[in-house]
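The following exercises are to be worked with the sequence and the model at hand. Each task is followed by a stepwise solution.

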Number of protein chains: 2
Amino acid sequence: MSQVEPRPFILNAFEMTTVSHTNFGLWRHPEDRTSEYTGLRFWTDLARLLDEGGFDGLFIADGVGQLDVYGGSAAAALAGGVQAPINDPLLAVSAMAAVTEHLGFGLTVSTTYEYPYLLARKFTTLDHLTEGRVAWNVVTSTRDSAARNILGRDSQIPHDTRYEIAEEFIDVAYKLWEGSWEDDAVVRDRERRVYTDPAKVHPIAHRGKHFTVPGPHLSEPSPQRTPVLFQAGTSEAGKTFAARHAEVVFLHGPTPELVRRQTDDIRARAVAAGRSRDAVKFITSVLVVTGPTDAAARDRYEQLTRYHSAEGSLVLLSGVTGVDWSTANLDAPLEYVETEGGRSALATYTKLDPARRWTLRDIYGELGRNEAIVGGAKTVVDRLEALADEGGLDGFNLSYALMPGTFEDFIDYVVPELRRRGRIRERQPGQTLRQRLFGAESPYLPDEHPGSRYRREGPTWPSIAPSREAATAAA
Amino acid sequence: MSQVEPRPFILNAFEMTTVSHTNFGLWRHPEDRTSEYTGLRFWTDLARLLDEGGFDGLFIADGVGQLDVYGGSAAAALAGGVQAPINDPLLAVSAMAAVTEHLGFGLTVSTTYEYPYLLARKFTTLDHLTEGRVAWNVVTSTRDSAARNILGRDSQIPHDTRYEIAEEFIDVAYKLWEGSWEDDAVVRDRERRVYTDPAKVHPIAHRGKHFTVPGPHLSEPSPQRTPVLFQAGTSEAGKTFAARHAEVVFLHGPTPELVRRQTDDIRARAVAAGRSRDAVKFITSVLVVTGPTDAAARDRYEQLTRYHSAEGSLVLLSGVTGVDWSTANLDAPLEYVETEGGRSALATYTKLDPARRWTLRDIYGELGRNEAIVGGAKTVVDRLEALADEGGLDGFNLSYALMPGTFEDFIDYVVPELRRRGRIRERQPGQTLRQRLFGAESPYLPDEHPGSRYRREGPTWPSIAPSREAATAAA
């Protein structure tokens, strides 16, 4: 499409299976339902609201360790409901799929704590159950506490090793998803008594440094085969991984210019890796507080801010950076901080524009780690469009202050204006998430994607010989 | 209750997330819907049918490796749809929970391929989403193909080591489920700004041979805390594990007398382990083919049998025993077979009554690995009651020949007669699965259960100190 006709935004709700994802303190607000996150109804209500409201997807973050760096323990995280307690992000998806028609589900799973043979089956199962509406947000995990409790290690696996594992992990997954079962392997031929033609199922014969998977995939191909691949990572290894594998990259930056540097960089890397310029879509997270007028939105924002817990933001920041910020002054200029490996998020921010000295408040907005947009429909959509233009972005993960109030307000006030400007995607029945997000004909990975090279054309891998009963029946 | 008043049976539907669980060949029957197993609707329709029809639960088996012993490859399993392809058993549960009120979900997960810290979170999440309706069928896995593809091993971990791992695994899970979060840890106190009282959340400090888990559980307590524990195992190690941990034991035997030997044995072991005589319930699998009359049921059975694949039964048997039965004669007396470790299922059967020589056909009925009961309502219920009396059983996992036809017929013809005889459980709203199955007041493990010893009374473990923000707010 030309620049004259604006492209629809990717519009996700950004959530976590917990009390407070980024809206620290807001669970105390009388209108907030977040603390019902353990219940089925919470998720089906949310999914229905988003699906009917024009959203493309629900993006569910995860963090499988407690935030125990701040103050040296998990006490502040627990007391504040800061991403604690936290439940598994995959298990309510089928219930949400049952009450929605189009909504996609972006699911965060780490390559550090799963076996590829079994995780591939989980995503294939979900892609079947949702009829092709799942995305995998590939993460490698940063928290030491996760490594201690899951792997029994003293600290997290070093950053570059985690990405090395992730590279091999996703390679195994591609082989299982793309290369193991041919499209016409499942024949359900009642006469010949053949459910699956064994000659069209291929052991993947993977033998690598971290994983050995000789056999074929357990599951038959799902609508998308490989789920849509989301990734968030701004380290060198993370950007290389994103440029190679990601279809949607989720990134942050304190200013649109600094976001643009990252999107340009990853786009260039993707092209260098043989992918087309628009093969990778970019999204960032924003918090939108809106209302019938700019003034009403500002009032709302003021009211919400009174519930915000600054400590919550620092608990999260401490967990992400590995630095205990419990005694920090929000408004003091930050020292340049370079922590080891994947815990360098703050360093990454400051590195982006070394000329400027940041404060914690610059980075963590009043209502959490978000660009906050406060205003009526026109103000909000103008700002979203500017952010997208300036940052080279294709859409947004919308955070919330109130659950589900923030999304209800967005749908009531902002979506009509977005729709008027051609920014809401038209839905076509039966489309997979990949087809919808990329306007693609095929539900599968594009040919240029590295996962596609495992697609089987001709007998590159051995097949399983036909069974005797089938042979007898056919004779 | 006295013997005069019969106790309700435990009544589960026995299923697997695959084409043919035990009804090999029946996917070719024009009325069978099994091959729709990938779809959400298949599962929600089945759950609704069972819930309204008086069933207590849906028991979902799993097998995370291909059946590749028979004929030396997975060809026959694939061609025949013999537990292949196979999807993940946990992911449709929330959708089924959303359309049912009472139905329980018995979910098979192996302790050999999961991390206890994460599996504990999965079950807690599901127990929340289902409002206390989940059971965990604890297995240790037997298939070499699973060990090869998941763990990268040449063969399965030795049987007794698997049980040693399982013992430590479940111990870690108890500590997380029972001992980490006190009942009143989550306070949601808006005034004091305390979501969770950190002083009531306890790191479990587990440091064992196979697992190290220093921290507290990620999730807040669910309605049952520990899911109802199902177990199937007839080896020495399996029986010891069952007597110690299981609340419902699932077992098989070629005759009721041989089933009785096992139930008596495990009951005695449970008592020796300090549990009460009725602490463990026993179920076995049966296939019921019924109809308005005995004659109609027999006609139906004859018709179904024409679709049955004997090869399918042998594919499964080969996978379970580790012996390639592809050239075996169904009617020849079997040689005594003792295979290594957990793959001794056939040996276990033959060991039970060494005076008799079994044939494959004795063990694997015409329609799969089941006791088949064919008849009208009275015939069926008489036989179920006799099986229960003679075998010391509390209920049944009902297999199917046709999906969902077998369950529809059972509900139409047999359930009314079962109800008349007091064999169908009355449902009370809001009960957890454990309360319903055991008639218990508490939704939690009984005090005598080994998992209960981790319940915290007094400061046996350190607590997490309160956070400063909460302290400041309180001051």
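A salt bridge is counted where a side-chain nitrogen of Lys or Arg lies within 4 Å of a carboxyl oxygen of Asp or Glu. The model is predicted, so that local features need pLDDT of at least 70 and side-chain atom pairs count only at pLDDT 80 or more, while totals for chains, interfaces and linings use all residues. Residues are numbered from 1 along each chain as its sequence is written, chains are lettered from A and ligands numbered from 1 in the order in which they are written, and side-chain values use heavy atoms, with hydrogens and water left out.

**Exercise 1. Describe the interface of chain A and chain B, and state how many salt bridges cross it.**

Step 1. Contact means heavy atoms within 4.5 Å. By this rule, 83 residues of chain A touch 83 residues of chain B.

Step 2. Buried area is the accessible area (1.4 Å probe) that two parts lose on being put together, summed over both. For chain A and chain B the value is about 7100 Å², with 58% of it on carbon and sulfur atoms.

Step 3. Four salt bridges are found across the interface. Arg121(A) forms a salt bridge with Asp88(B), with 3.9 Å between the closest N and O atoms.

**Exercise 2. Determine which rotation superposes chain A on chain B.**

Step 1. The superposition is by least squares on the C-alpha atoms of residues with pLDDT of at least 70 in both copies.

Step 2. Within chain A, the residue that comes closest to the rotation axis is Ala95(A), at 1.8 Å (C-alpha).

**Exercise 3. Identify the residues that line the second largest cavity.**

Step 1. On a 1 Å grid over the protein atoms alone, a cavity is a set of points where a 1.4 Å probe fits but cannot get out; a pocket is an open set with protein on both sides within 12 Å along at least five of seven lines; lining residues have an atom within 4 Å of a point. Grid points are joined across faces, edges and corners, and a volume is the space filled by probe spheres set on the points.

Step 2. The whole structure holds eleven cavities of 30 Å³ or more.

**Exercise 4. Locate the cis peptide bond that joins Ala84(A) to its partner.**

Step 1. Most residues other than glycine have a negative phi, and most peptide bonds are trans.

Step 2. The cis bond runs between Ala84(A) and Pro85(A), with omega about -10 degrees. In chain B, the bond from Ala84(B) to Pro85(B) is cis, with omega near -10 degrees.

Step 3. Helices (H or I, at least four residues) and strands (E, at least two) are DSSP runs, numbered from the N terminus. Pro85(A) is placed in the loop between α2 (75-80) and α3 (93-98) of chain A.

Step 4. Ala205(A) has a positive phi, near 50 degrees, and lies in the loop between β6 (194-196) and β7 (206-207) of chain A.
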